[in-house]
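Try each task before you read its solution.

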Amino acid sequence: MYNEMSITKLKLQLKNIEEKRRKILKAITNDTPLIVGSITQTKGKCGKINCACSKKATHEITLLMTKENGKKRTQLVRKNDKKNVISLWKRYKFLKQILENLKIYNKEEIELLNQIIYCRKKNYE
């Protein structure tokens, strides 16, 4: 015979994981736009002859690096767009992190299911 109390606790843990997975799926499948790639903030030169940056790069610039069809692309992000681009990029980073969490939940779920199977085990005599 198996231990009903143990199975009840394991089922509760499964339900908890299921709720976390549901939240992840909802976050990933919503229609909010995002920017996929990498953001780098560095210093650059503006190209004006009399600017101090002509001797040493002093202007802060934001670069967006992406990859499409196997080709790398680097884009200069305009100052006016910087806040929005970084916000959309942070959304992408957030979704990547919760996908990692999903992998963990999947592993935990399999472990719990194996425990439930073991609790239901009956010995043959």
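**Exercise 1. Find which residues line the largest pocket, and which elements they come from.**

Step 1. Select Lys45, Cys46, His59, Glu60, Ile61, Thr62, Leu76, Val77, Arg78, Lys79 and Lys82, the lining of the largest pocket. On a 1 Å grid over the protein atoms alone, a pocket is an open set of points where a 1.4 Å probe fits, with protein on both sides within 12 Å along at least five of seven lines, and lining residues have an atom within 4 Å of a point.

Step 2. Sort the lining by element: β2 and β3 are the ones that give two or more residues, and β2 has the largest share, with four. Strands (E, at least two residues) and helices (H or I, at least four) are DSSP runs, numbered from the N terminus.

Step 3. The space in this pocket comes to about 240 Å³, a volume being the space filled by probe spheres set on grid points that are joined across faces, edges and corners.

A note before you go on: this is a predicted model, in which local features need pLDDT of at least 70 and side-chain atom pairs count only at pLDDT 80 or more, while totals for chains, interfaces and linings use all residues. Residues are numbered from 1 along each chain as its sequence is written, and side-chain values use heavy atoms, with hydrogens and water left out.

**Exercise 2. Decide whether threonine 62 and lysine 82 are buried, partly exposed or exposed.**

Step 1. Apply the cut-offs: buried is under 20% relative accessible area, exposed is over 50%, and partly exposed is in between (1.4 Å probe, protein chains only). Threonine 62 has 3%, so this residue is buried. Lysine 82 has 27%, so this one is partly exposed.

Step 2. List the contacts (heavy atoms within 4.5 Å). Leaving aside neighbours within four places in sequence, threonine 62 meets Ile39, Thr40, Gln41, Gln75, Leu76, Val77 and Lys82. With residues up to four places away again not counted, lysine 82 touches Gln41, Thr62 and Val77.

**Exercise 3. Work out the strand order of the sheet and how α2 lies against it.**

Step 1. Trace the open sheet of three strands: the order is β1-β2-β3, with antiparallel pairing. Two strands pair if DSSP finds at least two bridges between them.

Step 2. Find the edges, β1 (38-44) and β3 (71-77), each of which pairs on one side only.

Step 3. Check β2 (residues 59-68) against β3: this antiparallel pair has seven bridges. Threonine 62 stands opposite valine 77 in β3.

Step 4. Axes are lines fitted to C-alpha atoms, for helices over the stretch in contact, and angles run from 0 to 180 degrees between N-to-C directions.

**Exercise 4. Identify the residues that touch the most other members of the largest nonpolar core.**

Step 1. Start from the term: a nonpolar core is a set of buried Ala, Val, Leu, Ile, Met, Phe, Trp, Tyr and Cys residues joined through side-chain atoms within 4.5 Å.

Step 2. Among the 13 residues of the largest one, the answer is Leu10, Ile24, Ile98 and Leu112. Both α1 (4-29) and α2 (82-119) supply at least two residues of this core, and α2 gives the most, seven.

Step 3. Apart from this core lies another, of nine residues, including Ile39, Leu64, Leu88 and Tyr92.
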